[in-house]
Amino acid sequence: MDAETPSLLAARYGTAPDTALPLPANPVIEALLAHRSVRAFLPDALPAGTLEILAAAAQSASTSSNVQAWSLVAVTEPGLKARLAELSGRQAFIARAPLFLAFVADTSRLRRLGARHGNPMEGLDYLEAFIVASVDAALASQNAVVAAEALGLGTVYVGALRNKPEEVAAELNLPPGAVALFGLCVGRPDPAAPASVKPRLPQAAVLHRERYDSAAEEAAVAQYDETLKAFSLSQGIGPAGWVGRMLSRMADAAALHGRDGMKPALRRLGFPLR
Ligand SMILES: Cc1cc2nc3c(=O)[nH]c(=O)nc-3n(C[C@H](O)[C@H](O)[C@H](O)COP(=O)(O)O)c2cc1C
């Protein structure tokens, strides 16, 4: 372990830097621990070939049974980015990022394959197919995030792309059986507005050994609430803790910003979800 790793761990958990986790000094692990979402981008276009490298990294992720049931729509057109920003809860940074990637759970390619071979592909009608496609897309996207960060770029996911899934599908010309699960803004971080590492829950609340055991959870969550309040204050966004945030985020359907309609929307988009 070098001097860097304990301080990265301290930032990750918002604790004193004397943490005794036995992590090796390793550039990949250090890069993972140093992740932070970036929402302030320089306007510069990305170097030629960046999109293709990110796509190759994303395609290098494992994929369930090699079905590769996901697709990527890369958006750089300013008007289209602005409309996607509007559809995604008016998050202005989406329009300012030079590259916006929509990660698509995509069963349509397999549907087309089936049509060419006279196969009804009934397996794609089940909820399981949507889960497979979603897991594949999520694994691929995180590979793209890690690759982007390795290139000195910043990223932020945009789950708000699901606020209006059918309008987004129309904007991106998605075929039936494809839905944009989330977006990813990619760009060069603006050094005038640097992002910080956001602490995570203590491992006592997340990591279980042999069997699930929530005995230590309440104290760990209380500790984390204090940690996150201090972090939020340090970021100038008031004393926002985790507990209050989660209670309001999950309180009712209204808190889902339209995503409470996801099941019927998915069915209309060509996922039967049997
Ligand atoms: C699937 C997904 C969707 C997200 N959607 C949004 C979003 O719409 N807007 C936003 O500002 N951040 C979004 N985020 C970023 C999270 O808020 C962020 O990852 C989390 O607060 C932890 O911060 P960090 O990434 O800086 O560690 C999303 C993250 C994920 C994984």
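Which pocket does the space taken by the ligand form? The space taken by the ligand is the largest pocket. Here a pocket is an open set of points on a 1 Å grid over the protein atoms alone, where a 1.4 Å probe fits, with protein on both sides within 12 Å along at least five of seven lines.

A word on the model: it is predicted, with local features needing pLDDT of at least 70 and side-chain atom pairs counting only at pLDDT 80 or more, while totals for chains, interfaces and linings use all residues. Residues are numbered from 1 along each chain as its sequence is written, and side-chain values use heavy atoms, leaving out hydrogens and water.

Around the ligand there are 13 residues (a heavy atom within 4 Å); His35, Ser37, Arg39, Gly159 and Lys198 come nearest. By class, this shell has five nonpolar, four polar (Gly counts here) and four charged residues (Asp, Glu, Lys and Arg). Strand β3, residues 154-158, gives the largest share of the shell, three residues; strands are DSSP runs of E, at least two residues, and helices are runs of H or I, at least four.

| Residue | Protein side | Distance |
|---|---|---|
| His35 | side-chain N or O | 2.7 Å |
| Ala160 | polar backbone atom | 3.4 Å |
| Lys198 | side-chain N or O | 2.7 Å |

The protein covers 68% of the 610 Å² of accessible area that the ligand has on its own (Shrake-Rupley, 1.4 Å probe).

Note on methods: A polar contact is a pair of N or O atoms within 3.5 Å; within protein, one must be able to donate a hydrogen and the other to accept it, and residues adjacent in sequence count only if both atoms are side-chain atoms. On a 1 Å grid over the protein atoms alone, a cavity is a set of points where a 1.4 Å probe fits but cannot get out, and a pocket is an open set with protein on both sides within 12 Å along at least five of seven lines; lining residues have an atom within 4 Å of a point. A molecule sits in a cavity or pocket if more than half of its atoms lie within 2 Å of its grid points.
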